[in-house]
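Welcome to this structure! Here are a few notes to read alongside it, point by point.

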Amino acid sequence: MKRYGFAWVLRSLLAVSIFTTLGIKPLLAQVDTGSITGTVTDASGAVVSGAKITLTNEGTAANLATTSGSDGGYKFSPVRVGSYKLDVAAQGFKTTSTIHVAVDVSSNVLINFKLQPGSVSETIEVTSEVPLLQTQDASVGQVVNQKSVNDLPLNGRNF
């Protein structure tokens, strides 16, 4: 009788562990990426579809390319934390560049381009600043620099 009871307990524990393992939802991990989105328009404000947008990491020179959709919009996601350069080229317009676009943890950077008529061989370079308020989504993220970490009180530190 004891042998059957022990086998029943083992089978029950195995069944519970299998159902528990399969029932766990995937946990959302913290990510170290952000995104870059925007719209490509011409000088009159009309959208430019089919414009080629190239994203280049200024530290590693790795690049990605996409084209603007029928609404003139583009999106690079996920984008690793770092500083980037964006180049936009379209038929009949001057090539436009934006440098030093900073992507931080969970940030959604909005970069809109207004293309000027001209040949593709001409280049316009635009510099922009990061806005103080992000309105694209409600996520919260913060970048902690080395000084902030050094100023943290530590337990047992002798002053």
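1. How do the residues of the lining of the second largest pocket divide into nonpolar, polar and charged? There are five nonpolar residues, five polar ones and one charged residue. Please keep in mind as you read that this is a predicted model.

2. Let's stay with that pocket for a moment. The second largest pocket holds about 170 Å³ of space. Its lining is made up of 11 residues, and those closest to the centre are Thr 98, Ile 111, Asn 112, Phe 113 and Val 126.

3. Next, the aromatic rings. A pair of aromatic rings is described by the distance of the centres and the angle of the planes. The count here comes to two aromatic pairs. In one of them, the rings of Tyr 74 and Phe 76 have centres 6.0 Å apart and planes at 65 degrees; an angle over 60 counts as edge-to-face, so that is the label for this pair. Tyr 74 and Phe 76 are both buried.

4. Tyr 74 also pairs with Phe 113, and this pair is tilted, with 6.2 Å from centre to centre and 40 degrees between the planes. Tyr 74 belongs to strand β4 (residues 73-80) and Phe 113 to strand β8, so the pair ties together parts that are 39 residues apart in sequence. Why does Phe 113 count as buried? Its relative accessibility is 3%, and buried means under 20%. Tyr 74 counts as buried too, at 5% relative accessibility. Together, Tyr 74, Phe 76 and Phe 113 form one aromatic cluster.

5. Now for the charges. Side chains of opposite charge can pair when their charged atoms come close. How many salt bridges does a search of the whole structure find? The search finds two. One joins Arg 80 and Asp 32, whose closest N and O atoms are 2.8 Å apart. Arg 80 lies in strand β4, while Asp 32 sits in the loop between α1 (2-23) and β1 (33-42), so this pair ties together parts that are 48 residues apart in sequence. Asp 32 is partly exposed, at 37% relative accessibility.

6. Another salt bridge links Asp 87 with Lys 85, with the closest N and O atoms 3.9 Å apart. Is Asp 87 buried or exposed? Asp 87 is buried, because its relative accessible area is 18%, whereas Lys 85 counts as partly exposed at 30% relative accessibility.

Conventions:
Residues numbered from 1 in each chain as written. Predicted model: local features only at pLDDT ≥ 70, side-chain atom pairs only at ≥ 80, totals over all residues. Heavy atoms only, no water. 1 Å grid on protein atoms, 1.4 Å probe; cavity = no way out; pocket = protein on both sides within 12 Å on 5 of 7 lines; lining within 4 Å. Points joined across faces, edges and corners; volume = space filled by probe spheres on them. Nonpolar A, V, L, I, M, F, W, Y, C, P; charged D, E, K, R; others polar. Phe/Tyr/Trp six-rings, centres within 6.5 Å; stacked < 30°, edge-to-face > 60°. Buried < 20%, exposed > 50% of the residue type's maximum accessible area, 1.4 Å probe, protein only. Helix = DSSP H or I, 4+ residues; strand = E, 2+ residues; numbered from the N terminus. Salt bridge = Lys/Arg side-chain N within 4 Å of Asp/Glu carboxyl O.
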